[in-house]
Structures are given as structure tokens and as C-alpha cells.
Amino acid sequence: MPPDWLLPGPFPAEFPTEERCFIIEILNDPRCPEVSLAQARVAPGVTTRLHRLDGTVERYVIRRGTGRAEIGGVVVPVGPGDRVLIPAGVSQRIANTGPEDLEFDCLCTPRFEPGNYQDLGDP
């Protein structure tokens, strides 16, 4: 049996979300409540659902593709190397505006928990 401080691989499989993106949870475990890390993928032409995370700060690190981030009603284009800082409780969504998958890392503090996710619908 591994020690408590080791979370053995491999990474969990990618899964689709109702938010209209695909997620691989790299690190999201109750033994590490301070932070979670996921890889997100949004297909070309897709915009994620408008939502907010209550009590959780989220950061995106854009790795591949091009898109448009909307945070608190402000919309800006994003691409590789851009970092998006999303305060807790602020509305957010991201659109893939390019011909390839939009891929980005999601770092949450404290860790992402489904109960903190609030779907705000699509206006």
C-alpha cells in the first residue's frame, strides 16, 4: 500500500462535462484540499456554459488553440501562454474560436468540488 503522500498514476481518464468541455483531473483529492489541477479541452466552435465557482478561485493557463474568455462580463481573446485569473463567485465561460481544440490547465484554490459549481445558464 502506498504512503498517504503518494497519489499513484496513471492520471484519470478524460471525461465530458455538462459544461460542454472535456476534463482530466490531474490532481483533485480530499487529502490535498488546498488546490486542484485539471486539464480542460474545448472543441472548435464550442462555448462552455456560463457558470461561477462559489468559494473557489480559478486560473486558466492556455496551452493550445485560440479562444475568447468571458470573465465577469468582460470578453478578451486568449491564446497559448495567456493566463486568466478568475475570482471566486465571478461569472465565466470560454469559447474556442479556432480550428483546433482549445486546451488549458485549470488551477483551483481551494480544490474544485462539484458543490461549488453554479450553472448560470446561457443568455
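Predicted model: local features only at pLDDT ≥ 70, side-chain atom pairs only at ≥ 80, totals over all residues.
Author: Let's start with a word you'll need: a residue is buried if its relative accessible area is under 20%, exposed if over 50%, and partly exposed in between (1.4 Å probe, protein chains only). Arg63 is exposed, with a relative accessible area of 54%.

Reader: Okay! How many helices and strands does the chain have?

Author: Helices (H or I, at least four residues) and strands (E, at least two) are DSSP runs, numbered from the N terminus. Here you get 11 strands and zero helices.

Reader: And what radius of gyration does the chain have?

Author: That value is taken over C-alpha atoms, and the globule rule is 2.2 Å times the number of residues to the power 0.38. For 123 residues, a compact globule would come out near 14 Å, and the chain agrees because its value is 14 Å. The C-alpha trace spans about 45 × 30 × 25 Å along its principal axes. As for burial, 35% of the 123 residues are buried.

Reader: Can we zoom in? Is Ala40 buried or exposed?

Author: Ala40 counts as buried, at 4% relative accessibility. You'll find Ala40 in strand 3, residues 36-42.

Reader: Which residues is Ala40 in contact with, leaving aside its neighbours within four places in sequence?

Author: Contact means heavy atoms within 4.5 Å. By that rule Ala40 touches Phe22, Ile23, Leu102, Glu103, Phe104 and Cys106. In the chain, 68% of contacts between residues at least 6 apart in sequence join residues at least 24 apart.

Reader: What about salt bridges: how many does a search of the whole structure find?

Author: A salt bridge is a side-chain nitrogen of Lys or Arg within 4 Å of a carboxyl oxygen of Asp or Glu. The search turns up 12 of them. Take Asp105 and Arg63, whose closest N and O atoms are 2.9 Å apart. Asp105 sits in strand 10 (residues 102-109) and Arg63 in strand 5 (residues 57-64), so this pair ties together parts that are 42 residues apart in sequence. Asp105 counts as buried, at 15% relative accessibility. Salt bridges that share partners also join Arg20, Arg49, Glu70, Arg93, Asp119 and Asp122 into one network.

Reader: Now the backbone. Which peptide bonds are cis?

Author: Most residues other than glycine have a negative phi, and most peptide bonds are trans. Look at the bond from Gly9 to Pro10, which is cis with omega near 0 degrees; Pro10 is in the segment before strand 1 (15-16). The bond from Thr109 to Pro110 is cis too, with omega near -15 degrees. Pro110 is in the loop between strand 10 and strand 11 (117-121).

Reader: And what phi does Arg20 have?

Author: A positive one of about 80 degrees, although Arg20 is not a glycine. Arg20 lies in the loop between strand 1 and strand 2 (22-27), and counts as partly exposed at 36% relative accessibility.

Key. Residues numbered from 1 in each chain as written. Heavy atoms only, no water.
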